[in-house]
Amino acid sequence: MVEKYVYGTPFETDAVVVPTDCKNGHPPIGKTDIENGYTWTYTMSDNDIVYGLGEANRGINKRGYIYISNCTDESNHTEDICSLYTAHNFIIISGEQHWGLFFDYPSVISFDIGYSRQDLLTVHCDSSDLNVYIINGKNAYDVVLQFRKIIGQSYIPPKFAFGFGQSRNGYATEDELRQVLKGYRKNHIPLDMIFMDIDYMENFKDFTVNSESFPDFEAFVNEMREQKIHLIPIIDAGVKIEKGYDVYEEGVAGDYFCKREDNSIFAATVWPGRTHFPDFLNRNAREWFGKQYKKLLDIGIDGFWNDMNEPAIFHSDEGLGEVKQFLREYLDDTTDQFTTYHLFAHIGTLRNNPKDYTRFFHNVDGQRIRHDKVHNLYGYNMTRAASEAFERIVPSQRILMFSRSSYIGMHRYGGIWTGDNKSWWSHLLLNIKMMPSLNMCGFLYIGADLGGFGANTTRDLLLRWLAFGVFTPLMRNHTTRGTRAQECYAFEHPEDFKDIISVRYRLLPYIYSEYMKAALNNDLYFKPLGFLYPDDDIARSTEDQLIIGNEIMITPVYTQNVPGRIVYLPEDMLLVKFSGKSTIFTQQFFAGHHYIYIGLNEVVLFIRKGHCIPVAMPAETVGNVDSSTLTLFGYNGASYDLYEDDGISKNYEYSQKYLRRLSKTEQY
Ligand code: GLC
C-alpha cells in the first residue's frame, strides 16, 4: 500500500508517475516535525536493515553512516564522502515490519542512519515543502516492487549496449580509435562500443566534431559500423561561450540559459572554458537542447553519455573574482595575517562551491526558481531533454543513453554510470554493493568504470573487475588522462581478457532476458541475498554476493593476491565455472560456507536449486551471439523463459510473443 503525504507547496519533480492517494496528518511510522524545515525520525530496532539510496557510498545496508543527497562532481570516493553524483531519496526499513519511504524533494536532504545515535534514523531538509511517499509491504522486496510501480518503467537500451565497450579520456583522433579496434579484434577480445570522450569535439563544444582529427566523421561512423562498432560520444552540460558557435548563439537568442538575479546569463568555467548552463528545468530549453542531438543521430550515432550535469563547476565568474580579490589582499598583506593555509583554503573553494548554486535561476513555466532549491534535478532533466528528443526524432528506435547525475524519475529516460571511481580494490567492492541499491531506485542500465577511472590499474584488478562487469548491464572499461594504458590488449596474456569478456557474450541471452524481464515487470535485475532469503541471518548480512534474476548468485573476487574466496550458499546450488579456452565446469555444492578457487581468467556463478540458465557459444559481437544453439546448465527438469526481441525497435513487451520456454532434460 502506498500513501502520499504532502507538506507545504512541493516542487513537482515528476519522479512519481502513478497518481497516489493523499493522506492528511503524518505517516503512521516515525515522528514528523515541520517546525524547522522538515525532520523525520525513526528509532531502529537492532534487527532492522535499511536498504536503498541508490548510488550512495558504503554498504547495501546503509546503517551506521550519514548520506547527503546533493549531486556533486566528487572524484575522490573515499569512505567518508557523504554525497556522490546523484540524489536517490528512497529508503526501505526492513525488520519486524517493512516500510519504504520516498522523500521527493529536489534540494539537499540528509539521511543520518545511525551516525549521530546508533539506533536513530533522521531524515532532514531545510524546507518543509515536499512530498513523502510511504509504502508498507510484506517484505523488503515487496516494498521495492510497489515503489517501482509508481515511478514508472525503467529505460531500455538497444541490445548492442549489452556488449563490451572501451573508453578513455584522451582518445583524440580517428586513428587512435582504429588502433583500439585493431587491438581488440587482433586478440579476439569481444567489443561492440568505443566511447568518445570530450576530445572528439572542437574545443570541447557540444555537438561539434573536430574536423582535423575527424575529417569525414560520417564516413568514419560508417567505417566503424561496418566493423560492428558503435561510437558513443559524450555530451557535457555546459555550452561554451563563443561568438559564432551555433549552439551558444541559439541558446542566447532563445533565452535558454540559466540567468543570474540581475537577468544576465550565468557563466562558469568547465572543460570548454567559460560556459552557460542550459535551463533544463524549462521545457522550451529542454526541447531546444534535445534537438541538438539530431546532428549526431543524423550521421548514424545511436548512443550518448551525458556528463558534468550536477552541474559540475570548476569556478564561476563570481567565485574567481572573489579569489582574485583575496589574492590581491594576500600579496599586499604586510601584517602577516595570512598563511599559505588561508591561500589554499580560498583557492579550494573555487570548485563546486555551493555558493555558486545560489547564483543562478531557472524559469519553470514562468516561475523563477533559484538553482539550489532544485539542484538535484539538473542532470535528470538534461537526460530527459535528450530522451524526449529521441522520442520525437527517432520514435521507433532505441538510443543508448546514460548520465552521470540523476534523480529518481530519470531512470525512465536513461541509465547511469557511477562516475569517477579509482583503480582501487575497495572501489570494485563498492561497485558490487551499489548495484542492487540502484535497482531499488529504478536504475537498471548501470555500471562503473571497470578497471577504475583515476590512478593506474593493475592487470589483476582489471581482470577481477571485468569478471564482475560480465554481469553489469553497462560493461565499459574507462580511464582518465595520464594513467597507464588500460585497454585489455595492453597487458600480458591478452587471452585471459578474452576468456573473461567472452563469458559476457556466452551469457548474453540470459543477461538480456533478465534485464528485459526486470524492466518490463518493474522488477530487480540485481537483488541482495536478503531479498530472497529473508529468514537467513547470514544471507541478510552478506553484501559481497548478489542474486541476478531468479536463477543465479554471483560471488566476485575483490581482493588482491588470492586464489579464490569464501562463498556462502543459502541453499544447495550448482557451481558453474567458465575457465580459459571455453571450458565450463559444473559441481554440486551443499548449502553453507565453501572456499571456491577462482583463477584470474575464470568467471564463477552458482545456479539456484531447481533452476537452469542458457549459455551461448562464444562470439565477438552482440550481433554474432547465436541464440539458436543454446546449452542449458542447471538442474534437470528445470525450465527457463528466454526473452528475445529485435533489440533495436521499441516493440518489446513481456508476452508469449517474445518468450521461449527452454526445458532442461538431461543431467548437468
Ligand atoms: C568527467 C567524467 C569522466 C570523463 C571526464 C572528461 O570526469 O566523469 O568520465 O572522462 O569528465 O570528459
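Mentor: Ile 566 is exposed, because its relative accessible area of 52% is over the 50% cut-off. Keep in mind that this is a predicted model.

Trainee: Which secondary structure element does Ile 566 lie in?

Mentor: Strand S32, which covers residues 564-569.

Trainee: And which residues form a nonpolar patch with Ile 566?

Mentor: Tyr 595 and Tyr 597. Together with Ile 566 they have about 340 Å² of accessible area on the surface.

Trainee: Switching to H13. Is that helix mostly covered or mostly open?

Mentor: Mostly covered. Of its 13 residues, 13 are buried.

Trainee: What span should H13 have, and how far apart are its end C-alpha atoms?

Mentor: H13 runs over residues 508-520. At 1.5 Å a residue, its 13 residues should span 18 Å. The end C-alpha atoms are 18 Å apart, so the two values agree.

Trainee: New topic. How is the chain divided into domains?

Mentor: Domain 1 is 2-151. Domain 2 has two pieces, 159-313 and 360-502. Domain 3 is 315-350, and domain 4 is 509-663.

Trainee: What distance separates the centres of domain 3 and domain 4?

Mentor: 56 Å, taken over C-alpha atoms.

Trainee: What does UniProt say about residues 155-513?

Mentor: An unreviewed UniProt entry annotates them as "domain: Glycoside hydrolase family 31 TIM barrel".

Trainee: How much helix and strand is in that stretch?

Mentor: Residues 155-513 are 37% helix and 15% strand. The end C-alpha atoms of that stretch are 15 Å apart.

Methods. Residues numbered from 1 in each chain as written. Predicted model: local features only at pLDDT ≥ 70, side-chain atom pairs only at ≥ 80, totals over all residues. Heavy atoms only, no water. Helix = DSSP H or I, 4+ residues; strand = E, 2+ residues; numbered from the N terminus. Expected span 1.5 Å × (residues − 1). Buried < 20%, exposed > 50% of the residue type's maximum accessible area, 1.4 Å probe, protein only. UniProt positions renumbered as here; feature names shortened; annotations may be inferred. Domains from an automatic or database assignment. Patch = residues over 30% accessible without salt bridge, like charges linked within 9 Å, V, L, I, M, F, W, Y side chains within 5 Å. Areas by Shrake-Rupley, 256 points an atom, 1.4 Å probe, with all protein chains shown as cover. Salt bridge = Lys/Arg side-chain N within 4 Å of Asp/Glu carboxyl O.
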